[in-house]
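Reader: I have a structure open and would like to go through it piece by piece. Can we start with the strands?
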Amino acid sequence: MPGIVCAIRGGPASQPTIQKAIQLAEKTHQTVYFLYVVNLDFLTLTSTSRVHVVEKELHQMGEFILLTAQTQAAKNSVTAEPVVRKGQVRDEIIGLCHEVGAEYVILGQPRGQNEVDTFTHEHMEQFRQEIEQESGAKVVLAEEAQ
């Protein structure tokens, strides 16, 4: 049975994305695979020798974030599976889509308070198209609550 991949970063900005995935799962009766990707690229800018400690802590944080999302899904009688991966977000989304036979990918456009979007509209559109082409899944964008 096909599933829904929902990539989240955590925090309040992820709530619309989580809710969109749950709503779609309620309609389609598909399992949601909440995905959190540990990406350590930012550590190339530092000289820390504690990469393994940082990676472990980010992995544990991801597990907690996904447990919270999974609990929200269960309250709506939606089956959800947590998946924590290490790597590039794009590659991990596509890989998980292939593994679970995803029909949909839910993406948000998170931003901090008084900040511009993480992706420009053009970048987000390009990212969406790449995910659709390489995964075969339809990308659904969740709008941030205003």
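Reader: What stands opposite Tyr-36 in β3?
Author: Val-84 in β3 stands opposite Tyr-36. Bear in mind that this is a predicted model, where local features need pLDDT of at least 70, side-chain atom pairs count only at pLDDT 80 or more, and totals for chains, interfaces and linings use all residues. Residues are numbered from 1 along each chain as its sequence is written, and side-chain values use heavy atoms, with hydrogens and water left out.

Reader: How many bridges are there between β2 and β3?
Author: Seven, and the two strands pair in the parallel sense. Strands count as paired if DSSP finds at least two bridges between them. Strands (E, at least two residues) and helices (H or I, at least four) are DSSP runs, numbered from the N terminus.

Reader: What's the order of the strands in the sheet?
Author: The order is β3-β2-β1-β4-β5, in an open sheet of five strands with parallel pairing. β3 and β5 each have a single partner strand, so one side of each lacks a neighbour in the sheet. From one strand to the next, the twist averages 25°.

Reader: Changing topic. How many residues does α2 have?
Author: 25, covering residues 51–75. From first C-alpha to last, α2 reaches 36 Å, close to the 36 Å expected at 1.5 Å a residue. The expected span is 1.5 Å times one less than the number of residues.

Reader: Which residues of α2 are buried?
Author: Gly-62, Ile-65, Leu-66, Ala-69, Gln-72 and Ala-73. Buried means under 20% relative accessible area, exposed over 50%, and partly exposed in between (1.4 Å probe, protein chains only).

Reader: And what do the buried residues of α2 pack against?
Author: They pack against α1 (15–28), β2 (31–38) and β3 (80–86). Contact here means heavy atoms within 4.5 Å.

Reader: Lys-56, then: buried or exposed?
Author: Lys-56 has 53% relative accessibility, so it counts as exposed. Its place is in helix α2. Lys-56 and Val-38 are 18 residues apart in sequence and 9.3 Å apart in space, C-alpha to C-alpha.

Reader: Which residues touch the most other members of the largest nonpolar core?
Author: Ile-4, Cys-6, Ile-8, Val-32, Phe-34 and Ile-106, out of 24 residues in that core. A nonpolar core is a set of buried Ala, Val, Leu, Ile, Met, Phe, Trp, Tyr and Cys residues joined through side-chain atoms within 4.5 Å.

Reader: Which element gives the largest share of this core?
Author: α1, with five residues. Another core, of 19 residues, lies apart from it and includes Ala-7, Val-83, Cys-97 and Val-100.

Methods. Axes are lines fitted to C-alpha atoms, for helices over the stretch in contact, and angles run from 0 to 180 degrees between N-to-C directions.
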